[in-house]
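Here are my notes on the model, in numbered points. Please read them with the structure open.

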Amino acid sequence: MSEFFKYTFQDIRNKGLLLYEYIRGSQTYSTNLSTSDIDKGGVFLEPINQIIGLGDDFQEEISDEKHDIVWFSLKKYFNLLLKSNPNILESLFIDNEFVIYEHPIITELKQNKQQFLTQECFNSFIGYSVAQIKKAKGYNKLCNWEEVKRKLPIDFCYVPHNQGSICITKWLNDRNLKQEYCGLISIPNMPNCFGVYYDWGKHIQDNGIKSCDLLLYQNGNNQEQKFYETYQNNTGLLDTIPEPIGYRGIIKNTEFVQGDDVRGSSIVKDVKPIVIMTYNKDAFSQHCKRYKQYNDWLNNRNENRYISNYGYNYDSKNMMHCFRLINMGIEIAKYGKCIVNRKNIDADFLLKIRNHEFTYEYLINNLENKKLILDECIKNTSLPEKLDYEYVNGLLLDIRKKYQLNF
């Protein structure tokens, strides 16, 4: 089956499906800096072929690589409004100067925007605020992403050592052994446990070791002595060199290749393993996931934002959003208004937070006091308890029936 066609921003424009395009984020809050990106949001009417078909190609959103520009389908936009999503709710209340294009569908929707302000908003605004606090507190963790280094499956292979374990790479290195001469065979009834066998003949041949050299290893340095002891214990030989076998090694590649894992070999009969090894496959999977997150963060992070926060113990932009959301929640509860533009309200204070002019402890104490104020406002609010689902569903149906666009 051929891959489904995915619409781009330009496709939506060309087909006349764009309903709403607007500037979102710091520009609309009046908290932007000279280095701030201009983020944009949008809403589009779903292409008719995506609606009446099987739906496998249905697009809920279209975005650029860094999510600076995000357009939602009309259905998803309404679903997010039903959840009182702060970012989407704000789009109904932004100042006209931030509207790039507005179809009559959105104009009609905005005429009903007060209907979307209910007590359910508070859970969303508080929830988003708490999430921003966690992100702000987690900034030190983000800084430590620099320490994530790519590891290989063999880095998660361990052998017994005293009362604990050590990585097999160290165990091999201590004996001057190499992973490429190893052969693995699974041990029955012991998941991810392997007997490790060694191709002494291949090792000795490749490294130009002579039979007389083996005897000298008995009194050599620590590595040579351990090499000889392991060789003798494994083979029972003193100065005889066995034939090469050709084991496959513990891993194929010494540089990471997607899908790599430890691998087994065909083992010669009547030989014993040099050691028993366990492979912590789950830990390797977790490492791969974490490494991917690191690369995603590294590739998509705002470099100016990263540098501006370096040396501080919180992300100032996340902390600023905590206060903005709490303050907006108070205003919604107290006055029934969603005031997006913070100019002449608290924009100056928010910008001071963004510039790290306050300590983390001061801000957290201030937020706790704000939360108490919000809780009291919620108790006394006159807003309806819930958003009327049937009303919203009917509104969406009426819009779809009324506006028959040419596809």
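1. Aspartate 270 is exposed, because its relative accessible area is 82% and the cut-off for exposed is over 50%. Look for aspartate 270 in the loop between α12 (222–235) and β10 (275–279). Its backbone deserves a look too. Phi of aspartate 270 is near 60 degrees, a positive value in a residue that is not glycine. Keep in mind that this is a predicted model.

2. Most residues other than glycine have a negative phi. Histidine 67 is not a glycine, yet it has a positive phi of about 60 degrees. Histidine 67 sits in the loop that runs between β3 (61–63) and β4 (69–73). Is histidine 67 buried, partly exposed or exposed? With a relative accessible area of 44%, histidine 67 is partly exposed, since that class lies between the 20% and 50% cut-offs.

3. Now a residue within a helix. Asparagine 327 belongs to helix α15 (residues 316–335). Its relative accessibility is 8%, so asparagine 327 counts as buried; the cut-off is under 20%. Which residues does asparagine 327 contact, leaving aside neighbours within four places in sequence? They are Arg342, Asp346 and Lys370.

4. Next, a helix pair. Helix α4 covers residues 74–82, and helix α18 covers residues 389–402. The two pack with their axes 11 Å apart, at an angle of about 160 degrees. Angles over 145 degrees count as roughly antiparallel, and α4 and α18 are therefore roughly antiparallel to each other. Their crossing is right-handed.

5. Which residues make the contact between α4 and α18? From α4 come Leu74, Lys75, Phe78 and Leu82. From α18 come Tyr389, Val392, Leu395, Leu396, Ile399 and Arg400. By class, this contact has eight nonpolar residues, two charged residues and no polar ones.

6. Last, the whole chain. The protein has 18 helices and ten strands. Of its 407 residues, 43% are buried; asparagine 327 counts as buried. Take the contacts between residues at least 6 apart in sequence: 72% of them join residues at least 24 apart. The accessible surface comes to about 22,500 Å². Carbon and sulfur atoms account for 48% of that surface.

Terms used
Residues numbered from 1 in each chain as written. Predicted model: local features only at pLDDT ≥ 70, side-chain atom pairs only at ≥ 80, totals over all residues. Heavy atoms only, no water. Axes fitted to C-alpha atoms, helices over the stretch in contact; angles between N-to-C directions. Helix = DSSP H or I, 4+ residues; strand = E, 2+ residues; numbered from the N terminus. Parallel < 35°, antiparallel > 145°, perpendicular 65-115°, else oblique. Left-handed = near helix turned anticlockwise from the far one by under 90°. Contact = heavy atoms within 4.5 Å. Nonpolar A, V, L, I, M, F, W, Y, C, P; charged D, E, K, R; others polar. Buried < 20%, exposed > 50% of the residue type's maximum accessible area, 1.4 Å probe, protein only. Areas by Shrake-Rupley, 256 points an atom, 1.4 Å probe, with all protein chains shown as cover.
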